[in-house]
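Reader: Could you take me through this model, beginning with the terms I shall need?
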Amino acid sequence: MSTDAIVLLKEDHKEIRRLFREFQGAGENATAQKRKLVAQILEALTVHTYLENECMYPEVRRLLPDLEDDVLESYEEHHVADVLCFELAAMAPDDERYDAKVTVLMENVLHHVEEEEQEWFPKVRDGLGRNQLQEIGARMIEMRADAPRTPSEPLALKKALDAVTA
Ligand SMILES: [Fe+2]
Ligand SMILES: [Fe+2]
């Protein structure tokens, strides 16, 4: 199995896209199914965001200072998604704003994921060697075991708090 950081992050993106498609395919009144899918979406996003925030982004920022502006923009995009995830975690599928909020979350995340895959990952791969990407990936695999899994866990909130208190 590859431990290449970009390969691992793309696998997460693929799973996130799959969950989004399932939500879009769920019927308007399939509240139990929607509740379950949103729980899975929030978990996948919380884990993925944590690994990027705490490992991939700081490592790239340190090793490739030219990409700092991209990293800072990504932190802000994560922050917007964090807010929506946090709100959704406290909502029920029969709330009139539920589907709208999930839709806005999906639009935001898809835009961000496209930018990472089309523009950012190629720059990172050009700038870092195979070995560095494998080391970062190996660390992310270790960190995944203790990563927060719901948006309200302290570790998941850390970056959001940093953003408002900095
Ligand atoms: Fe990201
Ligand atoms: Fe990502």
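Author: Helices (H or I, at least four residues) and strands (E, at least two) are DSSP runs, numbered from the N terminus. The expected span of a helix is 1.5 Å times one less than its number of residues.

Reader: What sort of model is it?
Author: It is a predicted model, in which local features need pLDDT of at least 70 and side-chain atom pairs count only at pLDDT 80 or more, while totals for chains, interfaces and linings use all residues. Residues are numbered from 1 along each chain as its sequence is written, and chains are lettered from A and ligands numbered from 1 in the order in which they are written.

Reader: How far does α2 reach from its first C-alpha to its last?
Author: Helix α2, residues 31-63, spans 46 Å with its 33 residues, close to the 48 Å expected at 1.5 Å a residue.

Reader: Where does α2 bend?
Author: At E52, by about 40°; the bend is the angle between axes fitted to the seven residues ending there and the seven starting there.

Reader: Changing topic, which residues in α1 and α5 meet?
Author: A5, I6 and L8 of α1 meet L133, I136, G137 and M140 of α5, where contact requires C-beta atoms, placed from the backbone, within 7 Å.

Note on methods
Two residues are in contact if their C-beta atoms, placed from the backbone, lie within 7 Å.
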